Amino acid sequence: MKSQQTETVFRALETFRIEIPSWGFANTGTRFGKFLQPAAAATIEEKFSDAGQVHLLTGVCPTVALHVLWDFPDGTKSTDLVKSLSDRYGVRPGSINPNLFQEQIYKYGSFGNPDKAVRARALQHMKDSIEIAAELNSRDVSLWFADGSNYPGTMNIRQRKQWFEEYLKTSHDELAPDQRMLVEYKPFEPAFYHTDIADWGMALLLARAAGPQAKVLVDTGHHYAAQNIEQIVAWLLSEDMLGGFHFNDRRYADDDLTLGSIDPYQVFRIFHEILHFAWETEKDTDIAYMIDQSHNLKGKIEAMIQTVTMAQQLYAKASLVDHAKLDTAQKKAELVTAESLLQDAFATDVRPAIQEWRTSKGVPADPMEAFRQSGYLERITSERAARNSQNVSSYA
Ligand code: RM4
Ligand code: MN
Ligand code: MN
């Protein structure tokens, strides 16, 4: 007989899925350098293969986020290859991420570029990305813009905002009825004076201007250290504008640290806001959970398994908050009772229940151990090492 708690955890895990990024398996680095890993994936096939391993062992990562420039070398023509890899490795294409920041023409921005010809090129790339997504049956086209400026007075901020409104709306009109557009924000980097979509308010306004299928994407690493991310999440939920997450942790800014490695209680509080909202409204939330981490030092597949496991734990813990009791305590302003309901749930060791759930699903109770025993890492290391010892120049 399962305990009440175990049953709650089982129910929560049943619907919890998390998408992994193709770029998380590639050799990436910082602007100072890259430490190459012999087992890193260099081709789209290798990325699918590695993502397939993570899904095989965890059972909760059926989709992989793809970056158009890095994963579709021939643009729209690469979709057939992606489809065949998806069949072979048992993971579907997930969100499609246009790349409007790496090519030389984007030096002064994409949709915010003062040169109309560059804005037009960016729009064409967006249309191609939406077409790729449609062909792959991917619902979400996920947008992150590096647009901004480095020196005060050098760009017209209001004019750029207008261009963003206009070009996002035109892009939105290309979406099929079942597709969505997710607008991500980031306070700084690579632009260090102003960033065109710097925070959730800007992303919200632009998503609204774009159209009804546009929502906001919250990357947990894209906030200043003191920001209350769960409040942003609560506000976006109440506005029906929360489209998805890019999960990672940060100590300073966009550090790509492992989810929950610095502040697991914050992730718990984010999940709590979502689950509390779902309880209150009696609605299933429709939020894309994705990981956006690219590890320079940790083994890439291990890092991904570790992150997925942490996400499951924090989600399961959040599911243990007794919403009815919390509601009563909040109404009576019983502060200690209310706060303790969160703290007690957070302190609960959900690992045994998660292991039980995994076993019931036919996946290894301990995916990390299973990965280490599988021999997969040794195999790809010997297959890829020689090539990876040569310098790789692109980001992913
Ligand atoms: C950005 C942002 C985007 C990601 C790029 C590579 O900081 O988080 O989502 O695609 O990095
Ligand atoms: Mn991101
Ligand atoms: Mn980022």
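Biologist: Where is the place of Asp240?

Modeller: Asp240 sits in the loop between H8 and E9. Keep in mind throughout that this is a predicted model.

Biologist: Why is Asp240 called exposed?

Modeller: The cut-off for exposed is over 50% relative accessible area. Asp240 has 56%, so it is exposed.

Biologist: What is the phi of Asp240?

Modeller: It is about 55°, a positive value, although Asp240 is not a glycine.

Biologist: Which loop holds Glu189, and what is its phi?

Modeller: Glu189 lies in the loop between E6 and E7. Its phi is near 80°, again positive in a residue other than glycine.

Biologist: Is the peptide bond from Glu189 to Pro190 cis or trans, and how do you know?

Modeller: Omega is near 10°, and the bond is cis. Pro190 is found in the loop between E6 and strand E7 (194–195).

Biologist: Now the metal. Which protein atoms are called donors of the manganese ion (ligand 3)?

Modeller: They are NE2 of His222 and two listed OD atoms of Asp254. The cut-off for this metal is 2.8 Å. The donors lie 2.2 to 2.7 Å from the ion, so they count.

Biologist: Why do you say that His222 and Asp254 tie parts of the chain together?

Modeller: His222 is in the loop between strand E8 (214–219) and helix H8 (229–238). Asp254 is in the loop between strand E9 (242–247) and helix H9 (264–281). The pair therefore joins parts that are 32 residues apart in sequence.

Biologist: How far apart are the manganese ion (ligand 3) and the manganese ion (ligand 2)?

Modeller: They are 3.9 Å apart.

Biologist: What makes Asp50 buried?

Modeller: Its relative accessible area is 1%, and buried means under 20%, so the label holds. Asp50 is in helix H2 (residues 44–58). Leaving aside neighbours within four places in sequence, its contacts include Phe25, Ala39, Ile301, Tyr376 and Arg384.

Biologist: Why is Asp327 called buried?

Modeller: Its relative accessible area is 18%, under the 20% limit, so it is buried. Asp327 is found in helix H11 (residues 323–331).

Biologist: Is Leu175 buried or exposed, and where is it found?

Modeller: Leu175 is in the loop between helix H6 (157–172) and strand E6 (180–184). Its relative accessible area is 9%, under 20%, so it is buried.

Biologist: Which residues is Leu175 in contact with, leaving aside its neighbours within four places in sequence?

Modeller: They are Ile130, Val141, Arg180, Met181 and Gln213. Contact needs heavy atoms within 4.5 Å. The C-alpha atoms of Leu175 and Val141 are separated by 9.1 Å, and the two are 34 residues apart along the chain.

Biologist: Where is Ala370 found, and how far is it from Ser129?

Modeller: Ala370 is in helix H14 (residues 367–374). From Ser129 it is 241 residues away in sequence and 36 Å in space, C-alpha to C-alpha. Beyond neighbours within four places in sequence, Ala370 is in contact with Leu57 and Pro364.

Biologist: Step back to the whole protein chain. How many helices and strands are there?

Modeller: There are 15 helices and ten strands.

Biologist: Why is the protein chain called as compact as a globular protein of that length?

Modeller: Its radius of gyration is 21 Å. The globule rule gives 21 Å for 396 residues.

Biologist: What share of the 396 residues is buried?

Modeller: Buried residues make up 54%.

Key
Residues are numbered from 1 along each chain as its sequence is written. Chains are lettered from A and ligands numbered from 1 in the order in which they are written. This is a predicted model: local features need pLDDT of at least 70, side-chain atom pairs count only at pLDDT 80 or more; totals for chains, interfaces and linings use all residues. Side-chain values use heavy atoms; hydrogens and water are left out. Helices (H or I, at least four residues) and strands (E, at least two) are DSSP runs, numbered from the N terminus. The radius of gyration is taken over C-alpha atoms; the globule rule is 2.2 Å times the number of residues to the power 0.38. Buried means under 20% relative accessible area, exposed over 50%, partly exposed in between (1.4 Å probe, protein chains only). Donors are N, O and S atoms within 2.8 Å of the metal (3.2 Å for Na, K and Ca); water is not among the atoms, so sites may look incomplete.
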